[in-house]
Amino acid sequence: MLRTLCRTGGLILQTQRTVPRLCVNPVQQRWASSLPMNTVVLFVPQQEAWVVERMGRFHRILEPGLNFLIPILDRIRYVQSLKEIVIDVPEQSAVSLDNVTLQIDGVLYLRILDPFKASYGVEDPEYAVTQLAQTTMRSELGKLTLDKVFRERESLNSNIVHSINQASDEWGIRCLRYEIKDIHVPPRVKESMQMQVEAERKKRATVLESEGTREAAINVAEGRKQAQILASEGEKAEQINKAAGEAQAVLAKAEAKAKAIRMLSDALTEQNGNAAASLSVAEQYVSAFSNLAKESNTILLPSNTGDISGMVSQAMTIYSTLAKPSMRVTPEVLEENREEAANPLGSPQEKGINE
């Protein structure tokens, strides 16, 4: 009897130590540690979930900490890790929208949210998620051209994550993010892309050079314009200053002349003013004869150029006529004075009579 019980207990222990195909798989080691034996008192580590079956049916999930099980009846069937899991997606070929074959690999980050679904919803969760990521990547790449694949990697990653999560909800798995590691293009396509990049750089260099030339021409034109404006403003200011100076000079001359006339009138009203006026007229007459024939060869001379006293007396007579305030100046008097001024020594008839 004792021998039979020992054999039965050994068979039970051997059965509990037997690991199913899912957990024996080396790839599955990242999902769960080795199955522990039912020792009645069990300590579950943090961030792990132990799925317990009772008599072949799901019973409960052990929480981290102290747990108790019934020997022989209860069995730990699955051990799931609740940590974030990183899976390398193998390199695969995909065809873009513009018929370019690409070699792409990536990295998948996921986490188990429901240990029950992860244990009973799919046979091999890692293999299922990896295949789903590959197929989704091919379908998403087929919607994009080669240029957009490089420019829209973030949107491509988000689309792959969204598609994986829609299918993996029944497995109790949540895909956190997907990252594309490397994108390999054929050599000829790579050469054409390099040529395109060089052409684009040459184009930008040419455009920048032309823009620099245009900016330089605009700056030179603006400089010339400003120089002309400043020159015209300077010339304008110079002309204004010159006109103002000339006006001030004219005013100064007019004021000086008016002052001289006032002084002369005051002097003439004094005693012996007529004698002083006669002296001034005689001096001007002599000065005028001294400047003859200096500016022109044509000279008009009166018949008695040496009679200075007659010239002075005639000038004083004209002055006396103009100086009388009470005398009304008639046109006949003005005409007579004008004739006397034009012929200071008298007409030819008077000259013959005098002779």
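Visitor: Hi! Which strands form the open sheet, and in what order?
Guide: Welcome! In this predicted model, three strands make an open sheet, in the order β6-β7-β8, with antiparallel pairing. β6 (85-95) and β8 (173-184) are the edge strands, since each pairs on one side only. On average, neighbouring strands are turned by 25 degrees against each other, direction ignored.

Visitor: Okay, and over how many bridges do β7 and β8 pair?
Guide: β7, residues 101-112, pairs with β8 over 10 bridges, in the antiparallel sense. For one example to find on screen, look for Asp105: its bridge partner in β8 is Asp182.

Visitor: Which strands does helix α4 touch?
Guide: Helix α4 (residues 125-141) packs on the sheet and touches β6, β7 and β8. Its direction makes about 35 degrees with that of β6. Helix α6 (residues 153-168) also packs on the sheet, touching β7 and β8, and its direction makes about 140 degrees with that of β8.

Visitor: Back to α4: is it mostly covered or mostly uncovered?
Guide: Mostly covered: 12 of its 17 residues are buried. Among them are Val129, Leu132, Ala133 and Met137.

Visitor: And how far apart are the end C-alpha atoms of α4?
Guide: They are 24 Å apart. That agrees with what you'd expect, because 17 residues at 1.5 Å a residue should span 24 Å.

Visitor: Now α6. Which of its residues are buried?
Guide: Leu156, Asn157, Ile160, Val161, Ile164, Asn165 and Ser168. Seen down the axis of α6, these buried residues fall within an arc of 165 degrees, so they line one face of the helix.

Visitor: Why would residues a few places apart point the same way?
Guide: An α-helix has 3.6 residues a turn, so residues three or four places apart point the same way.

Visitor: What do the buried residues of α6 pack against?
Guide: They pack against β7, α4 and β8.

Visitor: New topic: how many residues are in the largest nonpolar core?
Guide: It has 31 residues, and Leu102, Leu108 and Tyr178 have the most contacts inside it. The largest share, six residues, comes from α4.

Visitor: What does Leu108 touch?
Guide: Leaving out residues up to four places away in sequence, its contacts include Ile85 and Val89, Val129 and Ala133, Ile164, and Tyr178.

Visitor: Which residues are in the second core?
Guide: That separate core has nine residues, including Leu35, Val52, Leu69 and Ile76.

Key. Residues are numbered from 1 along each chain as its sequence is written. This is a predicted model: local features need pLDDT of at least 70, side-chain atom pairs count only at pLDDT 80 or more; totals for chains, interfaces and linings use all residues. Side-chain values use heavy atoms; hydrogens and water are left out. Two strands pair if DSSP finds at least two bridges between them. Helices (H or I, at least four residues) and strands (E, at least two) are DSSP runs, numbered from the N terminus. Axes are lines fitted to C-alpha atoms, for helices over the stretch in contact, and angles run from 0 to 180 degrees between N-to-C directions. Contact means heavy atoms within 4.5 Å. The expected span of a helix is 1.5 Å times one less than its number of residues. Buried means under 20% relative accessible area, exposed over 50%, partly exposed in between (1.4 Å probe, protein chains only). A nonpolar core is a set of buried Ala, Val, Leu, Ile, Met, Phe, Trp, Tyr and Cys residues joined through side-chain atoms within 4.5 Å. The arc is that of the directions from the helix axis to the C-beta atoms.
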